[in-house]
Amino acid sequence: MNGKTVHIKNYGCQMNKLDTALVSSALCEAGFSPAGSEKEADVVLINTCSVRQHAEERVFSHLGHLKHIKKSRPGLVVGVIGCMAQRLGDKLLEHEAVDIVCGPAQIPQITKLVTETLQEKKETIAVTEKIRQRSSESQTQALERFESAYGIEDKQIPGQAFVRAMRGCNNFCTYCIVPFVRGPETSRAPAAIIEQIKRLAGEGVKLVTLLGQRVNSYKYRSGEKTYCLADLLEMASEVDGIEWLRFVTSYPCEEFFDDILQAMADLPKACNYLHIPAQSGSDKILRAMNRRYSAGEYLGLLGKARAVVPGIAIAGDFMVGFPGETEEDFEGTVELVKKAKYKNCFIFKYSPRPGTAADKEKKDNVPAEVKKTRNIELLDVQNKISAEMNRKFLNKEVRVLVEGPSKKPHLNRGGSENSPQLVGRTATDYIVVFNGPVSLAGEFVKVKITETSALTLFGELI
Ligand code: SAH
Ligand code: SF4
Ligand code: F3S
């Protein structure tokens with residue numbers, strides 16, 4: 001213990017959640033302890049996302065709040081880590097609240113940066129200058145060491161953990177900032193991944209989710225053999241204690257698919273769940289986005305997935321209001337959503353990101369109002385489908401991995417002190433809410449479904 005406390009706030013995707021867990025356990029290892037709240041912390045770190053402007057605005061508003069806290073507590077150290085740190089670099093240091101800026105590829109340095117800032121009261125920065133250049137051997141090794149040494153003590157949800165299969169992205173979808181903040185695509189060595197999964201299993205982890213921006217293109221050459229995601233799933237399946245395996249996010253392309261679907265069908269531990277964003281149902285827009293498939297090919301892949309893996313649950317992402325999206329293009333998206341029969345969908349309004357091809361070459365010409373109505377309409381279409389799919393669970397028993405207490409009371413039933421409302425998920429990622437003791441967090445339970453809505457299944461513990 002060094003007597004100092006740290007609070008970390010996470011924005012962004014699963015990659016960021018994983019990084020937050022890594023940073024948190026690295027700092028604990030170095031003697032810091034978690035602060036009860038931001039108000040009591042000596043160090044506040046914000047792990048940030050650049051994917052849409054709104055994500056960045058939330059961070060700036062948080063920083064504005066911290067600036068006020070710093071007026072009464074000048075000793076407070078504030079660090080910005082993650083994708084915004086990489087994107088904005090020293091511009092962030094100009095913000096009155098910010099003392100530390102550390103990009104995603106530099107997180108192995110976090111303990112050093114925080115300690116130096118606390119001791120020397122100076123600002124520190126670590127971002128990768130040429131993010132698209134392949135990282136040096138020593139940098140990769142530092143990331144690997146950081147990755148495998150930490151991140152297992154801080155399990156954000158009991159019984160579950162993320163494990164990185166790949167870093168970065170080479171896809172360059174024209175709207176997307178990720179390749180510019182996370183760098184080139186690299187697959188981690190299978191031995192390192194499996195070692196990490198074994199350690200997690202030893203600590204009680206039952207569900208591992210393998211992460212990559214295009215995780216289905218995982219490829220690692222070692223001697224004569226090239227390992228793909230199906231190999232990784234098979235190897236991870238052999239780890240005792242692990243009961244469920246998931247992977248996100250998949251890119252819709254034929255090339256990497258058959259083996260993975262077969263592995264999913266053959267391996268009992270591989271959850272029958274696929275998150276496979278389509279982004280649009282218009283071939284013209286898909287081309288402009290540099291997504292390398294047509295709406296027809298995409299639906300063909302879903303058909304194949306359903307044929308090889310009966311009962312598979314499929315989730316998607318869509319973007320509305322991409323430059324040049326006409327009413328007709330949007331209708332194509334609505335049609336695709338109707339045909340795809342997703343379990344659920346994430347829908348975003350296009351947000352121009354500085355430096356991306358779409359921002360440089362195209363005008364953000366769909367008015368905000370139109371983006372908003374298209375977003376609402378698409379969500380409405382999907383909600384009807386989700387509600388219908390969820391109804392099929394009525395009176396059925398499902399196996400659920402319990403996450404913990406539900407954050408808001410559903411159906412206005414909070415439950416009693418000994419049996420509050422809990423939330424968990426099925427293997428296929430359906431959200432289940434029921435009453436039970438908090439001690440069930442991290443355990444598998446059986447729940448009988450008694451009520452359903454578009455987003456949630458409600459039930460009773462069996
Ligand atoms: N690698 C994943 C997801 C990356 S970002 C994939 O390829 O699907 C998560 C989601 O954010 C994307 O699926 C996309 O729908 C959305 N997104 C990305 N960039 C965006 C932008 N500039 N504006 C709005 N939404 C965006
Ligand atoms: Fe972004 Fe496309 Fe890479 Fe996904 S695949 S992270 S959307 S560039
Ligand atoms: Fe994730 Fe946002 Fe970065 S989506 S990779 S945290 S830009």
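Let's start with the shell around ligand 3. By class, that shell has four nonpolar, three polar and one charged residues. The classes are simple: Ala, Val, Leu, Ile, Met, Phe, Trp, Tyr, Cys and Pro count as nonpolar, Asp, Glu, Lys and Arg as charged, and the others, Gly among them, as polar. Who is in it? C13, N16, C49, S50, V51, C83, R182 and Q213 surround ligand 3. A residue is near a molecule if one of its heavy atoms lies within 4 Å of it.

A quick word on the ground rules. This is a predicted model, where local features need pLDDT of at least 70, side-chain atom pairs count only at pLDDT 80 or more, and totals for chains, interfaces and linings use all residues. Residues are numbered from 1 along each chain as its sequence is written, chains are lettered from A and ligands numbered from 1 in the order in which they are written, and side-chain values use heavy atoms, with hydrogens and water left out.

Next, ligand 2. Around it sit C169, N171, F172, C173, Y175, C176, V178, P179, Q213 and R291. That shell has seven nonpolar, two polar and one charged residues.

Now ligand 1. Helices (H or I, at least four residues) and strands (E, at least two) are DSSP runs, numbered from the N terminus.

Which atoms pair up? A polar side-chain atom of Q213 lies 2.8 Å from a nitrogen atom of ligand 1. For D317, a polar side-chain atom lies 2.6 Å from an oxygen atom of the ligand. S351 uses its backbone: an N or O atom there lies 2.8 Å from a ligand nitrogen atom. Taken alone, ligand 1 exposes 540 Å², and the protein buries 90% of that. Those areas come from the Shrake-Rupley method with a 1.4 Å probe.

Look at Q279 again. Its phi is positive, about 75°, although Q279 is not a glycine. Q279 sits in the loop between β14 (273-275) and α11 (283-288). One more backbone detail: the peptide bond from V248 to T249 is cis, with omega near 0°. T249 is in the loop between β13 (244-248) and α10 (258-266).

Last, the domains. The chain divides into domain 1 (5-126), domain 2 (137-390) and domain 3 (394-461), with bounds from an automatic or database domain assignment. The C-alpha centres of domain 2 and domain 3 lie 26 Å apart. Their contact (heavy atoms within 4.5 Å) takes 20 residues from domain 2 and 22 residues from domain 3. Between them they bury about 1700 Å², 55% of it on carbon and sulfur atoms. Buried area is the accessible area (1.4 Å probe) that two parts lose on being put together, summed over both.

Terms used. Polar contact = N/O pair within 3.5 Å; in protein donor to acceptor, adjacent residues only side chain to side chain.
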